[in-house]
Amino acid sequence: MNIRKITTVTEEILAEGGRRTDPVITVAAVAAVIENPWHGQGFVDDLGPGIDATASELGAVLAPRVMEALGGTLEAYGKAAIVGLSGEIEHGSALIHTLKFGNHFRDAAQASTLLPAVEKRGEAGAVFDIPLKHFTDATIRSHHQTFEWRVADAPHPGEILIALAGSTGGRPQQRLASLSTEQ
C-alpha cells in the first residue's frame, strides 16, 4: 500500500440552536490518500488480491488515529471512500466494505454495529458527507448525523481517499423521540 498523505480534522461543537452543548461534542475524522491498487489495470474481475494487500493495513493505520484524535469515548462512527476519476467506485467499496478494514475500527471502539458508509468517484477536493450512526445500535436516532469534509488536493485520478470518522455524542440538542415510540 502506498500512502501519499494522512489528514486529520477535529471539531468541537460548543453550541447549537443558540444553546451551549453539555457536554461538548467532539467529531474527528482521519483520511488516508492512497494509490489505487487497481489503477492502470483495466477492468479487474477479481478484486480480492488488492483487498488482501490493502484493506487490513489501511484499517490498522486509520482506526487508532481516529480514536486518538477524538480524545474521548466514541459513540458514533462511519466511513467513506472517494475514488479518483481514473478508478471505479467499486475500488473504494472493495476497500471499505470488508471486515478486514472495518473490524480495526469496531475493535478500537468496542463497537458492534456495521459502519455506515458513503462512496463515490470524484476529482481532487470533492466534498463528501460521512454518515455517522451509534456504535452499538444503528436505530438510535439521536446519533444519526453527517460529517462534511474535503481534502483539497485529493484524490488524484489514480488515488483513493479513505476516511474514518467518529463522534463523542449524537446530534447536539437532538429532540426526536426514540424509534420505539412509533412501533
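1. Threonine 98 makes contact with Ile51 and Ala55, once its neighbours within four places in sequence are set aside. The model is a predicted one, and the contacts should be read on that basis.

2. Threonine 98 sits in the loop between α2 (89–96) and α3 (99–109). The residue counts as buried because its relative accessibility is 17%, and the cut-off for buried is under 20%.

3. Strand β3, residues 76–83, is mostly covered, with 8 of its 8 residues buried. In a regular strand, side chains alternate between the two faces of the sheet. For β3, one side carries Ala76, Gly78, Ala80 and Ile82, and the other carries Tyr77, Lys79, Ala81 and Val83; all of these are buried, so both faces are covered. Lys79 is among the buried residues.

4. β3 pairs with strand β7 (residues 159–167) in the antiparallel sense, over 8 bridges. Within this pairing, glycine 78 has alanine 165 of β7 as its bridge partner.

5. Strand β4 (residues 117–121) runs parallel to β3, and 5 bridges join the two. Here the bridge partner of lysine 79 is alanine 117 in β4.

6. Strand β5 (residues 128–134) is antiparallel to β3 and is joined to β3 by 2 bridges. Tyrosine 77 has lysine 133 of β5 as its bridge partner. Tyrosine 77 is also one of the buried residues of β3.

Definitions and conventions: Residues numbered from 1 in each chain as written. Predicted model: local features only at pLDDT ≥ 70, side-chain atom pairs only at ≥ 80, totals over all residues. Heavy atoms only, no water. Buried < 20%, exposed > 50% of the residue type's maximum accessible area, 1.4 Å probe, protein only. Helix = DSSP H or I, 4+ residues; strand = E, 2+ residues; numbered from the N terminus. Pairing = 2+ DSSP bridges. Contact = heavy atoms within 4.5 Å.
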